[in-house]
Amino acid sequence: GVVISKMRQPTCLATSTKIGCGTASTDAYIQYRLRPADNQAYAAAGALIWRPSAGGCVDVLLGRSVRSMQPRRHGTWTLLGGKRNKEETDAAGTAARELQEETLGLLDARLVRAALTLESSVCWMPDGAYAVHVAQADSAFAPVSRLETGEMLQLQRALPGTKASSELPRLASKEARQVLANNEGRLLLSALMRTLYRRLPEAHDLVRAMGGAQKWAQRAGLVVTTVADASRPAVVMLPPHERKQPWLEEDVQPGLEVDALLWIPWRTLSRPAVAHSFSYDSRRAYRAPFDVRNHGKVTVHPLLAAILSRHTGKLLRKHIEHQA
């Protein structure tokens, strides 16, 4: 993922890639291809993936940031992308690699690169020389397209000795929440696990690899507490806005920069920028969390807030709504 404080200004962006300084465009634009000079001088690249949703609306795919030099950015949502590697020669390749890395292989870089090269447009953000590919979700994004709006996919790095698929953590968490909902949101941990294993036998390996039922439940975003009249642990499912966020308190898995994916309605995401006419006030407005249906409150990463609240936000809004 991109940390905005690390991004260089376009006066000398690619000194590590034998590219001349001062060649990047200083104006924001969106078009089918990057200008040749910008495809040489870009410092970072990412992708804003969108899809049609119910009622003629549009959803966009965001990732939850868990690794940053600034703790206040942990748990904020942003587009998928990151810094350019020395050997990379085009922005689509950088964006595709980042999407594969940040989804822990859920998306295939080769398929994503083909989709970004053939079907996407590119929005150029001169501050930071950042290239944002804007693409409709096609077959290359099938592994994440099945998620409903507001349904969070918790990413989990593959664990040695397990046969757990990339879908299993999400399925196990969803099944556990359904069991809790059927029991008024509270259940003994032992009873929850018995029911979960009966419904989803393959969850045995996943829970064992994560260090046991209690650690798994906490990583799944459930609240583990103690029954008042006994020492047995119980699990409580709180409303979304009251849930604890254990990923802010635990050590992040090595190298993990994004730990969850979420489809968010585009109109909800762009509303603060539109309300404040894409001014500096709109960027300040993004500091406050806002509600996403079926999920709860989310907070936007400063990088995404900067993209949305500037002229690039106007360009993206016009382009996405026209395409949809």
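Trainee: What does the accessible surface of the protein come to, and what share belongs to carbon and sulfur atoms?

Mentor: This is a predicted model, where local features need pLDDT of at least 70, side-chain atom pairs count only at pLDDT 80 or more, and totals for chains, interfaces and linings use all residues. Residues are numbered from 1 along each chain as its sequence is written, and side-chain values use heavy atoms, with hydrogens and water left out. Accessible areas come from the Shrake-Rupley method with a 1.4 Å probe; for residues, only the protein chains shown count as cover. The surface comes to about 15400 Å², and the carbon and sulfur share is 50%.

Trainee: What percentage of the 324 residues count as buried?

Mentor: Buried means under 20% relative accessible area, exposed over 50%, and partly exposed in between (1.4 Å probe, protein chains only). By that cut-off, the buried part of the protein is 52%.

Trainee: Where does T103 lie, and which residues does T103 touch?

Mentor: Helices (H or I, at least four residues) and strands (E, at least two) are DSSP runs, numbered from the N terminus. T103 sits in the loop between α2 (91-102) and α3 (109-119). T103 counts as buried because its relative accessibility is 2%. With contact meaning heavy atoms within 4.5 Å, and residues up to four places away not counted, T103 touches L80, L155 and L261.

Trainee: Which backbone oxygen does the side chain of S120 lie 2.4 Å from?

Mentor: S120 is in the loop between α3 and β6. S120 is buried, because its relative accessible area is 1%. A polar contact is a pair of N or O atoms within 3.5 Å; within protein, one must be able to donate a hydrogen and the other to accept it, and residues adjacent in sequence count only if both atoms are side-chain atoms. A polar atom of the S120 side chain lies 2.4 Å from the backbone oxygen of L116.

Trainee: Which residues of β6 are buried on each side?

Mentor: In a regular strand the side chains alternate between the two faces of the sheet. Five of the five residues of β6 are buried. One side holds S121, C123 and M125; the other holds V122 and W124.

Trainee: Which residue in β7 stands opposite S121?

Mentor: Two strands pair if DSSP finds at least two bridges between them. β6 and β7 pair in the antiparallel sense over five bridges. They form a hairpin with four residues between them, and G128 in the turn has a positive phi of about 95 degrees. Opposite S121 stands V134.

Trainee: How many disulfides does a search of the whole structure find?

Mentor: A disulfide is a pair of cysteine sulfur atoms within 2.5 Å. C57 is partly exposed, because its relative accessible area is 24%. C123 is buried, with a relative accessible area of 1%. The number of disulfides found is zero.
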